[in-house]
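Subject: Structure handover

Hello,

Here is the structure I promised you. Please open it first, then read my notes below.

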Amino acid sequence: MYKIVSKKSLNATVTQMEIEAPLVANKAKPGQFIILRVDEEGERIPLTVAGTDPEKGTVKIIFQIVGGTTEKLNHKAEGECLQDFVGPLGVATHTEGIKKVCIVGGGVGCAIAMPVAQEFHRLGANVTSIIGFRSKDILILEDEFKACSDKLYVMTDDGSYGQHGNVTVPLKEMLENGETFDEIITIGPLIMMKFVVATAKPYNIPVTVSMNPIMIDGTGMCGGCRLTLNQDGKKVTKFACVDGPDFNGYEVDFDEAMSRNRMYMDFERHAYEEACNLFKKEA
Amino acid sequence: MAIIPNKHEMPTQEPSVRAHNFSEVALGYTAEIAVEEAQRCLNCKNQPCVSGCPVNIHIPEFIAQVKEGNFEEAYKIISTTSSLPAVCGRVCPQESQCESKCTLGIKFEPVGIGRLERFVADYHNENNKEQPPVPAPNGHKVAIVGSGPSGLTCAGDLAKKGYKVTVYEALHTAGGVLVYGIPEFRLPKKIVAKEVETLKALGVDVETNVVIGKTLTIDELFEMGYEAVFVGSGAGLPRFMNIPGEAYKGVYSANEFLTRSNLMKAYKEDPVTPIMKGGKVAVVGGGNVAMDAARTALRLGAEKVYIVYRRSMEELPARKEEVEHAKEEGIDFRLLNNPVEILGYNNPDDPRDPKNGFVTGIKCVKMELGEPDASGRRRPVEIKGSEFVLDVDAVIMSIGTSPNPLIKNTTKGLDVNDHGGIIVNEDGLTSRDAVYAGGDAVTGAATVISAMGAGKLAAKSIDEYLSKR
């Protein structure tokens with residue numbers, strides 16, 4: 001069993017937890033993920049590692065309450081245990097040779113972008129971060145990004161905080177003004193990552209995207225997380241769990257990925273409502 | 001006494017009933033039937049059946065005990081060579097192994113060795129309350145990667161010799177393919193759990209949620225004090241056909257479909273893990289896994305399930321018994337049909353139409369058999385212009401797997417072949433000192449019993465290697 005050492009609410013629907021998992025804490029690198037089950041009959045869900053403390057033997061996760069399982073997870077209190085916690089899975093974000101990087105995070109994706117930005121900062125790279133949210137009340141991790149970024153843009157869709165507009169606005173502006181990066185790394189909703197790729201394309205700057213497909217085992221066994229890359233005109237099937245989750249943004253078929261992620265939408269909505277009702281009854 | 005020409009029939013659930021439930025299809029012999037079936041054994045001196053068994057169970061000896069009604073004695077004889085009798089009695093292809101060598105089989109039906117094995121194991125599991133004695137420790141530590149049939153067998157054999165064995169499992173439940181792959185109606189999960197408990201009682205530690213190659217590497221296992229490692233990590237990434245449409249929603253690999261149903265219990269009412277239920281389903285492939293997927297889809301409520309296979313019934317690799325069961329349950333075999341495209345729904349007027357991107361059909365081409373190919377099976381050849389569409393809502397690809405790269409990529413000096421399978425010598429030893437391997441990780445997708453045979457061989461080699469140290 002894996003103990004919840006600390007729990008903190010970052011906003012109304014996003015929670016941060018530190019989980020006791022020494023083996024994972026020893027190994028996990030930015031960009032990798034874990035799979036957990038809340039309880040004995042629980043579903044396996046992948047969550048990206050938001051940080052580690054090898055000395056304490058803990059792994060930080062940040063999750064948004066979007067369905068039945070994350071709702072149940074959010075009902076676990078500090079000191080309680082999770083049934084299963086396995087990792088680190090996937091390939092770590094590559095950092096070699098990158099001296100100047102732009103990190104673009106959207107919504108809860110910022111939780112995954114944060115350790116990547118911190119890692120580049122630690123390695124001495126110049127870090128520009130753009131973080132975007134729908135509005136001020138769901139803003140997370142601003143201080144953390146401030147601490148590890150040479151330049152930080154905070155964007156809100158409704159203009160309630162920072163600059164008005166989405167994350168591509170400052171990116172486009174910078175690129176138009178002749179700013180350049182060794183790499184752009186973007187993590188967030190698929191549609192946002194698709195537009196970041198489109199924004200960067202005219203400037204030929206490499207873009208790495210972090211994919212979050214539906215997954216079960218996470219070890220390269222089931223193939224549920226597959227996605228299609230277009231490599232030199234050829235369609236190639238890759239598995240996010242062992243080949244990713246990072247991929248070359250120019251190669252990813254985003255439309256297909258978006259469609260596949262909606263496969264169980266009705267089921268998930270139903271499961272979420274069920275879980276909510278259950279907790280309401282208990283309360 | 002006249003010889004009874006046929007095996008005593010296996011009591012089974014009625015096809016029309018079992019097609020709608022996940023309870024075990026074959027119900028098992030009663031004690032009376034088992035004794036009668038055991039009396040068919042000729043107790044041949046040269047024991048041809050034993051040579052047909054990958055783990056060399058002392059078959060005539062255990063059957064002789066069944067004949068006398070000494071079922072516990074029979075169990076003891078089986079368990080000296082097999083760590084998983086209740087599993088083997090259910091899923092081994094006996095017809096091509098022990099039973100294929102049975103002398104009785106020359107003129108009549110062979111002795112139902114598998115059915116007797118199952119009976120003996122079930123009898124023991126139900127009636128025996130004694131724990132096996134824990135062997136005296138010999139001071140050596142061995143790590144096993146993977147808790148599937150090869151790993152559990154290797155662990156059991158070593159534990160019986162006094163080794164301190166730890167089994168590392170990536171998933172949250174021990175059993176490997178016995179848990180995620182083979183469905184409840186063919187191998188109830190409580191039987192697998194019982195076999196794992198038996199090993200634990202022998203002193204075997206099972207660590208779930210550890211992915212070797214990620215959480216720990218093989219080199220770290222040696223640093224932790226293990227003196228030998230057995231890699232039984234199983235088959236890996238599912239293969240797809242690389243035809244258009246495989247990314248549509250409703251296209252599963254058999255591994256995914258079965259894992260959702262078996263490991264994640266999506267077959268239960270109100271599951272937490274979703275799976276597509278109902279509709280029409282095409283399963284592509286003709287192996288045991290394809291049969292499992294088809295029969296699972298049927299039990300999940302499919303109104304129609306097709307097996308789409310590019311060769312004929314003669315070449316179909318699944319066990320005959322499984323094919324018969326599938327047919328009885330109403331699975332529709334579309335043989336000499338090869339998929340060329342999967343069709344999906346796309347509403348050009350409404351990109352937000354919720355049906356967009358879901359499977360609507362599978363386009364196949366008819367095949368005929370040509371000359372034999374490298375595998376010795378007649379090569380299927382397309383009949384030009386014979387394309388047709390089967391209307392389906394889901395497609396399950398069951399055409400094999402390619403080895404998992406996690407261990408290869410993190411273990412220096414571990415040689416693999418062109419297909420990615422780990423290379424071993426005749427003792428099960430890899431290119432790395434003290435690292436042994438077996439099962440699907442070596443051979444690619446094969447059977448439970450051949451994996452067990454490999455686990456057994458590796459245990460013997462590890463014992464020889466470590467007892468010299």
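**Two helices in chain B**

α2(B) and α8(B) are oblique to each other, because their axes cross at roughly 140° and an angle must be over 145 degrees to count as roughly antiparallel. Please keep in mind that this is a predicted model.

The crossing of α2(B) past α8(B) is left-handed.

Which residues make the contact? From α2(B) come A34(B), E37(B) and A38(B). From α8(B) come R115(B), L116(B) and F119(B). Sorted by class, the contact of α2(B) with α8(B) has four nonpolar residues and two charged ones. It has no polar residues.

**Two domains in chain A**

Now turn to chain A. Its domain assignment gives domain 1 (2-89) and domain 2 (93-205). Over C-alpha atoms, the centres of the two domains of chain A are 24 Å apart.

In chain A, 11 residues of domain 1 are in contact with 11 residues of domain 2.

Look at the side of domain 1 of chain A that touches domain 2. Three strands of chain A each supply at least two residues to that side: β1 (2-11), β4 (45-53) and β5 (58-64). The largest share, four residues, comes from β4(A). What classes of residue make up this side of domain 1 of chain A? Six are nonpolar, five are polar and none is charged.

Best wishes

How values were computed. Residues are numbered from 1 along each chain as its sequence is written. Chains are lettered from A and ligands numbered from 1 in the order in which they are written. This is a predicted model: local features need pLDDT of at least 70, side-chain atom pairs count only at pLDDT 80 or more; totals for chains, interfaces and linings use all residues. Domain bounds come from an automatic or database domain assignment. Two residues are in contact if their C-beta atoms, placed from the backbone, lie within 7 Å. Ala, Val, Leu, Ile, Met, Phe, Trp, Tyr, Cys and Pro count as nonpolar, Asp, Glu, Lys and Arg as charged, and the others, Gly among them, as polar. Axes are lines fitted to C-alpha atoms, for helices over the stretch in contact, and angles run from 0 to 180 degrees between N-to-C directions. Angles under 35 degrees count as roughly parallel, over 145 as roughly antiparallel, 65 to 115 as roughly perpendicular and the rest as oblique. A crossing is left-handed if the near helix is turned anticlockwise from the far one by less than a right angle, and right-handed if clockwise.
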